[in-house]
Amino acid sequence: MQEINILDQVIHPEYAIYNGDSCEVLAGIPDDSVDLSIFSPPFQSLYCYSPTERDLGNSKTPEAFNQHFGFIINHLMRVTKPGRNCCVHVAQLATTLTTHGYIGMEDFRGDTIKAFRERGWVYHGEVTIDKDPQVQAIRTHAKGLLFVQLRKDASWMRPGFADYILVFRKPGENTTPILPDITNEEWIQWAHPVWYDIKETETLNAAEGAKKNLARILKEKTQATLFDGLFEETSEITTLPEINHEDSTVLPPLNGNKAFSLFR
Ligand SMILES: C[S@@+](CC[C@H](N)C(=O)[O-])C[C@H]1O[C@@H](n2cnc3c(N)ncnc32)[C@H](O)[C@@H]1O
């Protein structure tokens, strides 16, 4: 692992963790060196993660977010090996009367696909992750999900929002075939376009099993909040050999506002 001149870093034979602005940290990562990236970006300004304007989550407009995110997407394209993938966890966004002037939804999933395609990535696949509408109703009080609205005027009702894992592929030939140790039946399970078995309450923690090293590092060294099951399934589908293979590099480029990591 190479040293990069930033706020702080931990360099280990198995991983490197960089603390800094991802736009700058990524600039120090060599071209065509990453086997897989997996991350969840801020969903525009839905949540506040930190006070700095360097945080994508503090973008003042969707246009500013797209411009800022574009720097990350361009760097991911540059550092990824040809023929390899980048997995991005996203969800759709609600519009509100106070902020947008109307109640509806924003196509953040579509915007993300557009942003990646405009920068040369191939839109390669996606998984829809089922979510519990009741949990969303309680957490967000969205008018379209509330029982009280159902009884008052059901014209406002709408389904809950799903999560998605978007998979983008860098054009070019993969020079190192990935040869996973799974059966055809197991593959059929992974290949389902909708996953119903992701537990929303299980955020990433010290998991047992094949990915335990990665999960442990993520838990100990980052503030990762990707769903545990979701992360494992996504890893399984695209990175099992990478994670278990000492010559592979997995990059989560927005790993919480404390750390950026690169795993070998
Ligand atoms: C949705 S969270 C993802 C957290 C964690 N990696 C995960 O997947 O669960 C996005 C994170 O990206 C961080 N972030 C946003 N812009 C950044 C930037 N320019 N440099 C570094 N981190 C950034 C935010 O502070 C936030 O912690």
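Predicted model: local features only at pLDDT ≥ 70, side-chain atom pairs only at ≥ 80, totals over all residues.

Trainee: OK. How many helices and strands does the chain have?
Mentor: Nine helices and eleven strands. Those are DSSP runs numbered from the N terminus, helices being H or I with at least four residues and strands E with at least two.

Trainee: And what share of the chain is buried?
Mentor: Buried residues are 32% of the 264 in the chain. Buried is 20 or more other C-beta atoms within 10 Å of a residue's own, exposed is 12 or fewer, and partly exposed is in between, with C-beta atoms placed from the backbone.

Trainee: Let's look at β3. How many of its residues are buried?
Mentor: Five of its six, so to speak mostly covered.

Trainee: Which way do β3 and β4 run, parallel or antiparallel?
Mentor: Parallel, with five bridges joining them; strands pair if DSSP finds at least two bridges between them. Val34 has Thr80 in β4 as its bridge partner. Going from β3 through α2 to β4, the chain makes a right-handed β-α-β crossover. Right-handed means that, with the strands pointing away from the viewer, the path from the first strand over the helix to the second runs clockwise.

Trainee: What about β3 and β10?
Mentor: Two bridges join β3 to β10 (residues 250-251), also running parallel. There, Leu36 is bridged to Val250.

Trainee: Back to α2. What does its buried side pack against?
Mentor: The buried residues of α2 pack against α1, β3, β4 (80-91) and α4 (108-118). Among those buried in α2 are Phe65, Phe69 and Ile72. A contact here is two C-beta atoms, placed from the backbone, within 7 Å.

Trainee: New topic: where is Asp32?
Mentor: Asp32 is in the loop between α1 (22-27) and β3 (34-39). Its phi is near 50°, positive in a residue other than glycine.

Trainee: Why does Asp32 count as partly exposed?
Mentor: Because Asp32 has 13 C-beta neighbours inside 10 Å.

Trainee: And His141, buried or exposed?
Mentor: Exposed, because His141 has 9 other C-beta atoms within 10 Å. His141 is in the loop between α5 (133-140) and α6 (147-152), and its phi is positive at about 55°.

Key
Residues numbered from 1 in each chain as written.
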